[in-house]
Amino acid sequence: MENDLGSTGDPGLDRAVRQWLEFDQNAKTAACVREMVKNGAVDELKKCFGARMEFGTAGLRAAMGPGVSRMNDLTIIQTTQGFCRYLEQCFADLKERGVVIGFDAREHTASGGSSKRFASLAAAALISRGVPVYLFSVFTPTPYVPFTVSHLGLCAGIMVTASHNPKQDNGYKVYWENGAQIIPPHDKGVAAAIEENLEPWPESWDINTASKSPLLKDPYQDIHREYLQSIQQHCFHREVNKCSEVKIVHTSVHGVGHVFVQAAFKAFDLRPPYAVKEQKDPDPEFPTVEYPNPEEGAGVLNLSFALADREGATVVFANDPDADRLAVAEKQPSGEWRVFSGNELGALLGWWSFQCWKQQQGENKASVKDVYMLASTVSSKILRAIGLKEGFHFEETLTGFKWMGNRAKQLLDQGKTVLFAFEEAIGYMCSPAVLDKDGVSAAAIAGELVSYLATKNTSLSQQLKAVYDEYGYHITKNSYFICHDQNTIKQLFERLRNYEGEKSYPKECQGFAITAVRDLTTGYDSNQPDNKAILPTSKSSQMITFTFANGGVATMRTSGTEPKIKYYTELCAAPGNSDLNQLNAELNNLVDAIVENFFQPKKNNLTPRPDS
């Protein structure tokens with residue numbers, strides 16, 4: 001090994017370490033690697049250098065620290081160099097149009113990494129190749145990046161964020177020229193280009209020179225103003241908002257959302273929400289929560305509930321740290337707080353989007369045939385039920401907003417109206433100005449909904465019941481099992497594909513008749529005339545959906561980022577069937593049957609979700 005560095009005893013690892021120290025100019029990560037070699041910390045070195053972070057459609061996400069498996073100065077430079085080369089191949093006008101870069105407020109003192117520094121290094125790499133860069137001077141919500149791509153007609157966007165992940169993580173999210181997250185084959189193209197451009201270009205480290213370049217622009221003031229202007233097209237009840245006495249509490253959970261949600265409420269003439277003081281300013285330590293994820297519900301929202309009780313507020317809004325998702329809770333007459341699921345909030349916002357559209361159209365009902373709403377395949381089918389009755393189109397896409405954003409853009413380019421898209425993981429696209437989930441515009445629109453309902457003496461909970469009464473109850477139950485053995489997972493799914501002999505799926509599950517099966521791993525769909533699935537398929541992940549005769553739908557899928565087998569179940573009842581106790585009992589029985597017969601947790605040694 002170089003200089004006074006000893007050997008790890010593993011020639012491959014020695015080579016990886018040597019190359020790292022040759023390339024890395026960050027004193028903290030380089031010193032950390034030298035220290036590990038000196039101390040003989042081979043296991044830790046193998047974690048850092050065993051496998052390079054895989055660049056996928058979601059970009060990168062990993063812990064900050066040294067090595068090719070972590071987010072750090074060098075891996076950011078290598079990734080951006082590869083991305084830059086790929087953009088050069090795809091766009092002849094890259095040097096005229098350019099790229100936007102945003103970042104959240106994450107930091108990692110031990111490795112000297114932060115989202116802002118990573119964004120500056122990415123900018124330096126692109127500028128060194130003559131690419132104009134629109135680098136935000138301050139942290140912004142993730143949706144500002146896709147908005148900027150679309151608004152300025154740029155080639156691409158980069159957002160440095162790990163969203164709601166634990167504090168040690170960071171990420172690198174990429175948008176294409178259409179304003180949506182990348183989809184295949186771009187991920188493979190970028191990944192290959194990264195491998196071909198691992199040696200840092202000297203200028204990639206030079207943040208100072210890049211900061212003085214005429215190619216560097218700060219879009220913050222213009223984009224902030226234009227974004228707030230743009231979302232006002234979805235403000236339909238300004239007079240109601242101005243007079244509203246409704247009190248709302250907002251928390252940004254130590255992330256970037258505070259300034260932007262306050263501004264969005266002001267743009268809608270809504271009364272400013274009460275901010276949770278302990279959580280309103282960005283803090284990379286996330287000191288008041290175990291996980292900065294509003295999906296975790298009550299634990300993350302306790303400070304919000306306490307503030308709401310003090311101020312007499314009845315509604316709580318929470319963004320995740322990069323403000324692209326929104327959670328909502330409402331105080332019930334009993335004094336308890338109800339945290340709405342992503343599917344319930346999707347039902348409310350979808351219903352509201354259509355009501356506002358109808359009001360805007362007046363008598364021109366014919367154009368409803370050009371209206372679309374989207375949801376991911378594991379989200380509630382409530383929009384399908386509303387669409388069937390009201391006459392608009394509902395489409396489902398694969399899981400993830402990259403698919404909804406890209407499909408929305410296709411429809412918009414065909415002259416269609418895309419009113420709303422959502423996923424059950426509290427992600428909502430309420431405006432076509434951002435082709436991704438956006439917790440800022442969703443907060444303003446939900447604020448107007450709350451204010452409007454108050455004029456009718458109605459709460460969100462009451463309105464949700466009214467939606468279900470009119471269009472049919474859609475109740476869901478989602479959970480997962482933990483399994484670290486890939487062979488077990490594969491065998492579990494293969495058993496379902498060869499259930500009653502070769503290539504035959506189950507026809508029933510403990511008395512619940514199955515009417516259709518869709519397998520997006522193999523591309524089979526019994527609902528299609530040729531048995532071929534319409535949605536894209538992927539052999540690298542497992543995903544089977546069963547439709548039951550009683551209106552139940554169940555999807556079993558593996559997670560791309562965690563050792564989990566997830567299940568999403570929903571019972572879609574016909575309008576008029578509002579015996580909630582009976583429906584819940586039926587769904588619980590269906591879930592129990594699926595768990596016992598399809599998952600077989602005892603036989604497969606699966607660990608149930610910790611809190612279930």
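This is a predicted model: local features need pLDDT of at least 70, side-chain atom pairs count only at pLDDT 80 or more; totals for chains, interfaces and linings use all residues.
The side chain of K402 makes a polar contact with the side chain of T57, at 3.0 Å. K402 is found in helix α16, covering residues 401-413. Setting aside its neighbours within four places in sequence, K402 is in contact with T57, Q181, I182 and I183. Here's the curious bit: K402 is buried, yet it has no salt bridge. The nearest side chain of opposite charge belongs to D187, and that one is 7.9 Å away.

D187 takes us to helix α8. Along with D187, the residues H186, G189, V190, A193 and I194 are buried in α8. Look down the axis of α8 and these buried residues fall within an arc of 165 degrees, so they line one face of the helix. What do they pack against? The buried residues of α8 pack against α4, residues 73-90. The peptide bond from P184 to P185 is cis, with omega near 10 degrees.

Now hop over to helix α3, residues 42-49, where the buried residues are L45, C48 and F49. They cover an arc of only 80 degrees around the axis, which puts them on the same side of α3. On the other side of α3, you'll find D43 and K47 exposed. The buried residues of α3 pack against α1 (11-23) and α2 (27-38).

In soluble globular proteins, nonpolar side chains tend to be buried together. Here, the largest nonpolar core has 118 residues, and F317, Y428 and F599 are the ones that touch the most other members. There's also a second, separate core of 58 residues, which includes L21, F49, F83 and L126.

What about charges? Side chains of opposite charge can pair when their charged atoms come close. The structure holds 35 salt bridges. One of them joins R325 and D320, whose closest N and O atoms are 3.3 Å apart, and both of these residues are buried. Another pairs E396 with K381, with the closest N and O atoms 3.5 Å apart. This pair links distant parts of the chain: E396 sits in strand β15 (residues 393-397), while K381 is in the loop between β14 (371-376) and α15 (382-390), 15 residues apart. E396 is partly exposed, with a relative accessible area of 22%, whereas K381 is buried at 7%. A further salt bridge runs between K507 and E500, at 3.4 Å between the closest N and O atoms. K507 counts as exposed, at 53% relative accessibility, and E500 as partly exposed, at 46%. Some salt bridges share partners, joining K173, D324, E423, D436 and K437 into one network.

F286 has a positive phi of about 45 degrees although it is not a glycine. It's found in the loop between β10 (274-275) and α13 (298-311), and it is buried, with a relative accessible area of 5%. N531 isn't a glycine either, and has a positive phi of about 60 degrees. Look for N531 in the loop between β21 (524-525) and β22 (543-548), where N531 counts as partly exposed at 33% relative accessibility.

Notes. Residues are numbered from 1 along each chain as its sequence is written. Side-chain values use heavy atoms; hydrogens and water are left out. A nonpolar core is a set of buried Ala, Val, Leu, Ile, Met, Phe, Trp, Tyr and Cys residues joined through side-chain atoms within 4.5 Å. Buried means under 20% relative accessible area, exposed over 50%, partly exposed in between (1.4 Å probe, protein chains only). Helices (H or I, at least four residues) and strands (E, at least two) are DSSP runs, numbered from the N terminus. Lys and Arg count as positive and Asp and Glu as negative; His and the chain ends are not counted. A salt bridge is a side-chain nitrogen of Lys or Arg within 4 Å of a carboxyl oxygen of Asp or Glu. A polar contact is a pair of N or O atoms within 3.5 Å; within protein, one must be able to donate a hydrogen and the other to accept it, and residues adjacent in sequence count only if both atoms are side-chain atoms. Contact means heavy atoms within 4.5 Å. The arc is that of the directions from the helix axis to the C-beta atoms.
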